[in-house]
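The sequence and the structure are shown first.

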Amino acid sequence: MRIVSLVPAGTDILFALGAATDIVGVSHECAIPAGAPALPRLTRSVVQTTGLSSAEIDAAIAGQVATDAPVYEVDGQTLEALRPDLILTQGLCDVCALPARVVENALCRLSWRPALLSLDAHSVDGVLDSIHEVGKHTGRRRQAQLLVSHLRSRLDQVALAVAKRPRVPVVCLEWLDPPYACGHWIPEMVERAGGTELLGQTGMRSAPVPWAEIERTCPAAVIAMPCGFDLPRAAQDLEQVAARTPWLRATGAATVYAAAGTYFTQPGPSLVTGVEVLASVLHPDAAAWSVPPGAITRWRAPAPLRKNGTLRPSGEGAGAHGKGGRSN
């Protein structure tokens, strides 16, 4: 079988299922594991983001969306030459990855019609179901069953470790400038890791939220996990935003973390690692958590020094807001 994956999560799933040799092309955003052969890149971003700040990236993409202009383009000529049997895509977000409608438009110009599988999960269980779907379409049902069973076992271990612990009130941000509250599966990930997401809503898109509203919720932890950014870029953005956001630097405010977006915003096997990463900072003494290098780091305000860097469990002091408002 010849497969083209135009969504990073799809590429991750294919590699996890042992289907690497079937992949003939990927998107410009897909990460290829070290040692794997180089693959043709079949997409490009219309918005050139190199050297732009997060605010500039947001404005540029908003301009494209406002005029119904595409954010990404497909290399139809190379796609035609590769002649894949199956194409993986997504329809969840028009700005995070190539949307299915753009792929469908490209397919209309091909001389044949490959199968199209759109990965559109809104929950952790939905992501696991997507693995089963990819397994079914690629003749790897058994491999998918084994992978999902392993991932569920890891989730069960986290649930057992945090089951009797007080919930930690958290705000997760999928973008920092402007700030976006998390959506889709991330609030559920927080819940599974022993926290309560105060602003994000499970199954819904991420949404802009003022810093004043974030401050009003009195979270014990703020986790910056900007979509598409690695840990160094997330930390850089957090530093820039904190310079003009006094609350983030205040003594006694939330414990603030920068995190690599891959483990939270990319709906593939890495989400299970993301749940473990969240548990490692919300309940660090609950288990011997294994956190990948480059996944998360605590951001420390340069001054004044914090009097207490520990997380406040929900129901104690300011964290009691976890029982009201828009919390889950």
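Glu276 is buried, with a relative accessible area of 14%; here buried means under 20% relative accessible area, exposed over 50%, and partly exposed in between (1.4 Å probe, protein chains only). The model is a predicted one, in which local features need pLDDT of at least 70 and side-chain atom pairs count only at pLDDT 80 or more, while totals for chains, interfaces and linings use all residues. Residues are numbered from 1 along each chain as its sequence is written, and side-chain values use heavy atoms, with hydrogens and water left out.

**Glu276 and its surroundings**

Glu276 belongs to helix H12 (residues 270-282); helices (H or I, at least four residues) and strands (E, at least two) are DSSP runs numbered from the N terminus. Apart from neighbours within four places in sequence, Glu276 is in contact (heavy atoms within 4.5 Å) with Arg154, Val158 and Trp289. With Arg154, the side chain of Glu276 also forms a salt bridge, at 2.8 Å from N to O. A salt bridge is a side-chain nitrogen of Lys or Arg within 4 Å of a carboxyl oxygen of Asp or Glu. Arg154 lies in helix H6 and Glu276 in helix H12, so this pair ties together parts that are 122 residues apart in sequence. Both partners, Glu276 and Arg154, are buried.

**Further salt bridges**

In total, the structure holds 13 salt bridges. One of them joins Asp125 to Arg192, with the closest N and O atoms 3.7 Å apart. This pair links distant parts of the chain, 67 residues apart: Asp125 is in helix H5 (residues 124-137) and Arg192 in helix H7 (residues 186-192). Asp125 is partly exposed, with a relative accessible area of 33%, and Arg192 is partly exposed as well, at 26%.

The side chain of Arg192 also meets that of Glu188 in a salt bridge (2.9 Å, N to O). Both residues, Arg192 and Glu188, lie in helix H7, four residues apart, about one turn of the helix. Glu188 is buried, with a relative accessible area of 16%. A network of salt bridges links Asp125, Arg152, Glu188 and Arg192.

Strand S7 (residues 168-176) is mostly covered, nine of its nine residues being buried. The table lists its pairings; two strands pair if DSSP finds at least two bridges between them.

| Partner of S7 | Sense | Bridges |
|---|---|---|
| S10 (residues 195-197) | parallel | three |
| S13 (residues 221-224) | parallel | four |
| S8 (residues 179-181) | antiparallel | three |

Within these pairings, Val170 stands opposite Glu197 in S10, and Cys172 has Ile223 in S13 as its bridge partner. Trp175 is bridged to Tyr180 in S8. A hairpin through two residues connects S7 to S8.

**Confidence**

The mean pLDDT of the chain is 85, with 84% of residues at 70 or more; pLDDT is the predictor's confidence in each residue, from 0 to 100. Where pLDDT is low, the predicted coordinates should not be read in detail.
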